[in-house]
Number of protein chains: 2
Amino acid sequence: MPKHVQLADYLRARIDDGTYPPRAKLPSEATLVQETGFARDTVRKGIAVLLDEGRVYVVRGLGTFVSPAD
Amino acid sequence: MPKHVQLADYLRARIDDGTYPPRAKLPSEATLVQETGFARDTVRKGIAVLLDEGRVYVVRGLGTFVSPAD
DNA sequence: GGAAATTTGTTCGTATGTATA
DNA sequence: TTATACATACGAACAAATTTC
């Protein structure tokens, strides 16, 4: 399975299990790059999956957050 | 060779030749951006190289300085 | 006390090139 | 050809620390 899908699955699971509750800030791209060892490109693709699903929203200069409705 | 490595090499050479003696302040990121034409991102990566080498230290709000031991 | 300017720190947005499967 | 993945590079917004007026 592609790395970005793996990351998306992992983050989705963390949202579902409450590690990242609604409106919580996800780790930054830089942090995820460091923690996963993936390239930023790959990390962003993973986040993009959750973005497409409406599970998270992104604020430039601030970070990525779990959607409130969640 | 990557630009940030080029910049790191250049600054290291200026430290070594005494242009920037120990404890001297290096040009600010903004100045280096202007002088080199590189993006801030690239300038910061160049400085990060010297930081990793312990050749400089950075004080937020003040600037980047040549390490005293140098 | 406060406001502004300077400077570094952090974060996301975008684009290009390269390599591999 | 396409998808995946990484590295480099530039841009933009936001944040925090420091100094100066």
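Which polar backbone atom lies 2.8 Å from a phosphate oxygen of DNA strand C? That atom belongs to E29(B), and the pair falls under the definition of a polar contact, which is two N or O atoms within 3.5 Å (within protein, one must be able to donate a hydrogen and the other to accept it, and residues adjacent in sequence count only if both atoms are side-chain atoms).

## Basis of the description

This is a predicted model, in which local features need pLDDT of at least 70 and side-chain atom pairs count only at pLDDT 80 or more, whereas totals for chains, interfaces and linings use all residues. Residues are numbered from 1 along each chain as its sequence is written, chains are lettered from A and ligands numbered from 1 in the order in which they are written, and side-chain values use heavy atoms, with hydrogens and water left out.

## Surface near DNA strand C

DNA strand C is surrounded by 22 residues, the closest being E29(A), R40(A), R44(A), E29(B) and R40(B); a residue counts as near if one of its heavy atoms lies within 4 Å of the strand. Of the atoms of DNA strand C within 4 Å of the protein, 64% belong to sugar or phosphate, and the rest to bases.

## Surface near DNA strand D

DNA strand D also has 22 residues around it, and K3(A), T42(A), K3(B), T42(B) and R60(B) are the closest. Sugar or phosphate accounts for 69% of the atoms of DNA strand D within 4 Å of the protein.

The side chain of H4(A) places an N or O atom 3.0 Å from a phosphate oxygen of DNA strand D, and H4(B) has a polar side-chain atom 2.9 Å from a phosphate oxygen of DNA strand D. R60(A), by contrast, has a polar side-chain atom 2.7 Å from a sugar or linking oxygen.

## Fold of chain A

Chain A has 3 helices and 2 strands, which run α-α-α-β-β from the N terminus on. Its C-alpha atoms fill a box of roughly 30 × 25 × 20 Å, taken along the principal axes.

Notes. Helix = DSSP H or I, 4+ residues; strand = E, 2+ residues; numbered from the N terminus.
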